Amino acid sequence: MKEFYTLADLQSWGEKGKSPVRLGVFGDPVAHSLSPQMHNAALENLGVKERYGRFQIGADELRTGLELIRCLNFIGINLTLPHKTTALPLMDEVDDAARKSGAINTVLVEGEKLLGFNTDGPGFLHAIRSEFSVDLRDLRVLLLGAGGGAGRAIAMQCARENCERLVLVNRTLEKAQDLAKELAPYFSGSRVLGPVARLQAIPWDETSLRFQLANTDLVVNATSVGMKRSDPRLLAASLLAPHLMVYDTIYTPMRTPLLAAAADAGALGANGLSMLLHQGALSFEIWFGRKAPLDVMRAALL
Ligand code: ATR
């Protein structure tokens, strides 16, 4: 297996016949993706001969790439940046949750058809349950980075679970406000929490954050801030407190600056590996219609 394949590889498979790779992830960049090690461990464990590969596919190659997996009889693929939103209109059918979240991360090839799903939100739900032994629906959530694709999927899942309260924080406030408008119907019920609103979009400033964090159980980072050494600190440790659970969707590095701040403040923290694992397991279940070997996949990631 190559570290990653390209559109040219897919085209040559069409001409020259079969490769064992019938699953994969399309992305740009894609070389860092841990999905192959997780899925190939599961495939081997179950005695399935097909393999999962990385595909370096640029934005302008997506349409052709999708046509090729249809012709090559792939089982399915995952989509990562920059394809999650742009792939939506290229599907033959999209499930309801994926349509509402405006993005897909999983494609199932069924005969001639490409079916789109999104397992990011449900993967997040399972990750929170497994990391903190709590259910999203019982939590007051503050989401940092509500303007991006991951933030949107997480916000949508919080809304679908009807979590106790959801605070959307984004550097560009308008995006959080637009999302809050869209999610308002999910929060119109009579669950009353006292002086704070159940659904709010707030600017990224210390005063607003400090007030909201006093009425929060779970803080989630859905921005990419923390992946690069040069990244600014997302939140000052002084804003965090021991009652908080902090979930960082980033997993490289494993101990992100936000998680270091959480530990300094005495708060519980977990990184995004569990979300990667659970979204992957749910994709696997869509492709094979059977339970994914979660322990095997987890061990492969660790
Ligand atoms: P995606 O491709 O998933 O949409 P993105 O465009 O990189 O990812 O943005 C992800 C999120 O990270 C956005 O909410 C973005 O905020 P803006 O909507 O204001 O752009 C947020 N983000 C990125 N860099 C940030 C930074 N330095 N500080 C705060 N938020 C940041």
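Student: Which residues in H11 do Leu273, Leu276, Leu277, His278, Gly280 and Ala281 in H10 meet?
Tutor: In this predicted model, helix H10 covers residues 273-288 and helix H11 covers residues 294-301. By class, their contact has 7 nonpolar, 2 polar and 1 charged residues. The residues that H11 brings to this contact are Leu294, Met297, Arg298 and Leu301.

Student: How are H10 and H11 oriented to each other: oblique or roughly perpendicular?
Tutor: The axes of H10 and H11 are 10 Å apart, and the helices pack at an angle of about 140°. Angles of 65 to 115 degrees count as roughly perpendicular and those over 145 as roughly antiparallel, with oblique kept for the rest. The crossing of H10 and H11 is right-handed. The two helices are therefore oblique to each other.

Student: How are H5 and H6 oriented to each other?
Tutor: The axes of helix H5 (residues 120-132) and H6 cross at roughly 65° and come within 8 Å. Angles from 65 to 115 degrees are counted as roughly perpendicular. H5 and H6 are therefore roughly perpendicular to each other.

Student: Which residues of H6 make the contact with H5?
Tutor: The crossing of H5 and H6 is right-handed. H5 contributes Asp120, Gly121, Pro122, Phe124 and Leu125. The contact residues divide into 6 nonpolar, 2 polar and 1 charged. From H6 come Ala153, Ile154, Gln157 and Cys158.

Student: Which strands are at the edges of the open sheet?
Tutor: The sheet has 6 strands in the order S10-S9-S8-S11-S12-S13, with parallel pairing. An edge strand pairs on one side only, and these are strand S10 (199-202) and strand S13 (268-270).

Student: In S10, what is the bridge partner of Val169?
Tutor: Strand S9 (residues 165-169) runs parallel to S10, and 4 bridges join them. In S10, the partner of Val169 is Ile202.

Student: Which strands does H7 touch as it packs on the sheet?
Tutor: Helix H6 (residues 149-160) packs on the sheet, where it touches strand S8 (140-144), S9 and strand S11 (218-221). Helix H7 (residues 173-183) packs on the sheet too, and its direction makes about 170° with that of S10. The strands touched by H7 are S9 and S10.

Student: How many residues of domain 2 are in contact with domain 1?
Tutor: The protein chain is divided into domain 1 (5-118 + 275-301) and domain 2 (121-271). Their C-alpha centres lie 28 Å apart. Domain 1 takes part in the contact with 11 residues, and for domain 2 the number is 16.

Key:
Residues are numbered from 1 along each chain as its sequence is written. This is a predicted model: local features need pLDDT of at least 70, side-chain atom pairs count only at pLDDT 80 or more; totals for chains, interfaces and linings use all residues. Side-chain values use heavy atoms; hydrogens and water are left out. Two strands pair if DSSP finds at least two bridges between them. Contact means heavy atoms within 4.5 Å. Axes are lines fitted to C-alpha atoms, for helices over the stretch in contact, and angles run from 0 to 180 degrees between N-to-C directions. Angles under 35 degrees count as roughly parallel, over 145 as roughly antiparallel, 65 to 115 as roughly perpendicular and the rest as oblique. A crossing is left-handed if the near helix is turned anticlockwise from the far one by less than a right angle, and right-handed if clockwise. Ala, Val, Leu, Ile, Met, Phe, Trp, Tyr, Cys and Pro count as nonpolar, Asp, Glu, Lys and Arg as charged, and the others, Gly among them, as polar. Domain bounds come from an automatic or database domain assignment.
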